[in-house]
Amino acid sequence: MSTTRPYSPGDRGPEPSGASGTSEGGAPVAGASAGTAVPSEPSVASEGAQGPPGRQTRRLRLDGESGVVPLARDFTRQALYAWGWLPAASADLRAAAEDVLLVVSELVTNACLHAEGPDELFLARDNKVIRVEVSDRGSGQPAPRTPHRAGRPGGHGMFIVQRLCLDWGVVRTTGRTGKTVWAELGAPA
């Protein structure tokens with residue numbers, strides 16, 4: 001698991017539309033309001049938005065909203081229904097969907113506790129991977145607590161993310177405060 005690579009291995013690279021709520025030109029996405037889904041690309045609606053073939057994305061503004069953890073979970077659950085992960089046809093699919101919901105909860109909670117709150121949740125899926133990104137204004141560096149002490153309360157979020165995900169990391173944009181914490185989970189076979 002990496003916390004230093006800005007994106008996972010392979011050919012996906014950084015998200016072309018960014019994870020900061022800006023379009024490719026750096027301008028804020030028009031028509032975006034807090035707590036609402038916005039297009040992942042300027043001309044594509046969030047519902048079932050498609051990037052490259054087989055890729056679908058969803059984006060939710062969280063800046064200034066209250067109750068962001070359940071809001072993010074509900075938004076993610078709706079995406080999982082739209083993408084056919086729910087209702088789960090098998091135990092593997094059900095477990096995979098629950099893992100995605102747990103990772104979203106952990107990343108959004110960490111942004112609330114350690115980074116002045118989350119700005120945005122971005123979800124992307126293709127046939128093999130679902131990517132979760134949570135953007136915030138914090139300067140801290142998330143890391144699993146070492147050594148991990150299973151019996152102690154608190155401090156388990158990034159350990160859980162590390163255990164459930166294929167990979168995760170942090171992206172910082174030069175000249176901007178904050179960061180984007182991303183995690184990728186494998187789609188069930």
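**Close-up views of a predicted model**

At 0% relative accessibility, Leu123 counts as buried, where buried means under 20% relative accessible area, exposed means over 50% and partly exposed lies in between, computed with a 1.4 Å probe on protein chains only. This is a predicted model, in which local features need pLDDT of at least 70 and side-chain atom pairs count only at pLDDT 80 or more, while totals for chains, interfaces and linings use all residues. Residues are numbered from 1 along each chain as its sequence is written, and side-chain values use heavy atoms, with hydrogens and water left out.

**View 1**
Leu123 lies in strand S3; helices (H or I, at least four residues) and strands (E, at least two) are DSSP runs numbered from the N terminus. The C-alpha atoms of Leu123 and Thr57 are separated by 5.5 Å, although the two are 66 residues apart along the chain. With neighbours within four places in sequence left aside, Leu123 is in contact with Gln56, Thr57, Arg58, Phe75, Thr76, Ala79, Trp83, Val104, Arg131 and Val132, contact meaning heavy atoms within 4.5 Å.

**View 2. Asp119, a second residue of strand S3.**
Asp119 also lies in strand S3, and it counts as buried because its relative accessibility is 17%. Not counting residues up to four places away in sequence, Asp119 touches Leu60, Arg61, Leu62 and Asp63, and likewise Ser135, Asp136 and Arg137.

**View 3. The chain as a whole.**
The chain contains 3 helices and 6 strands, and from the N terminus on its elements run β-β-α-α-β-β-α-β-β. Of the 189 residues in the chain, 44% are buried. Among the contacts in the chain with a separation of 6 or more, 60% are accounted for by residues 24 or more positions apart.

**View 4. The largest nonpolar core.**
A nonpolar core is a set of buried Ala, Val, Leu, Ile, Met, Phe, Trp, Tyr and Cys residues joined through side-chain atoms within 4.5 Å. The largest such core has 33 residues, of which Leu80, Trp85, Leu107, Leu121, Leu123 and Val161 touch the most other members. Two or more residues each come from helix H1 (68-82), H2, strand S3 (118-125), strand S4 (129-136), H3, S5 and S6, and H2 gives the most to this core, with 10 residues. In soluble globular proteins, nonpolar side chains tend to be buried together.

**View 5. Leu80 in helix H1.**
Leu80 is found in helix H1 and counts as buried, with a relative accessibility of 0%. When residues up to four places away in sequence are not counted, Leu80 touches Trp85, Leu86, Ala97, Val100, Leu101 and Ile130.

**View 6. The packing of H1 on H2.**
H1 and H2 pack at an angle of about 150°, with their axes 9 Å apart; axes are lines fitted to C-alpha atoms, for helices over the stretch in contact, and angles run from 0 to 180 degrees between N-to-C directions. That angle makes H1 roughly antiparallel to H2, since angles under 35 degrees count as roughly parallel, over 145 as roughly antiparallel, 65 to 115 as roughly perpendicular and the rest as oblique.

**View 7. The packing of H2 on H3.**
The axes of H2 and H3 come within 9 Å and cross at roughly 145°, and H2 passes H3 in a left-handed crossing. Asp99, Leu102, Val103, Glu106, Leu107 and Asn110 in H2 meet Gly157, Met158, Ile160, Val161 and Leu164 in H3.

**View 8. The buried side of H3.**
In helix H3 (residues 157-164), Gly157, Met158 and Val161 are buried. They cover an arc of only 90° around the axis, which puts them on the same side of H3; the arc is that of the directions from the helix axis to the C-beta atoms. The buried residues of H3 pack against helix H2 (91-114), strand S5 (167-171) and strand S6 (179-186).

**View 9. Backbone details in two loops.**
Leu86 and Pro87 are joined by a cis peptide bond, with omega about -10°, and Pro87 has its place in the loop between H1 and H2. Glu116 is found in the loop between H2 and S3, where its phi is near 65°, a positive value in a residue other than glycine. Glu116 is exposed, with a relative accessible area of 61%.

Conventions:
Left-handed = near helix turned anticlockwise from the far one by under 90°.
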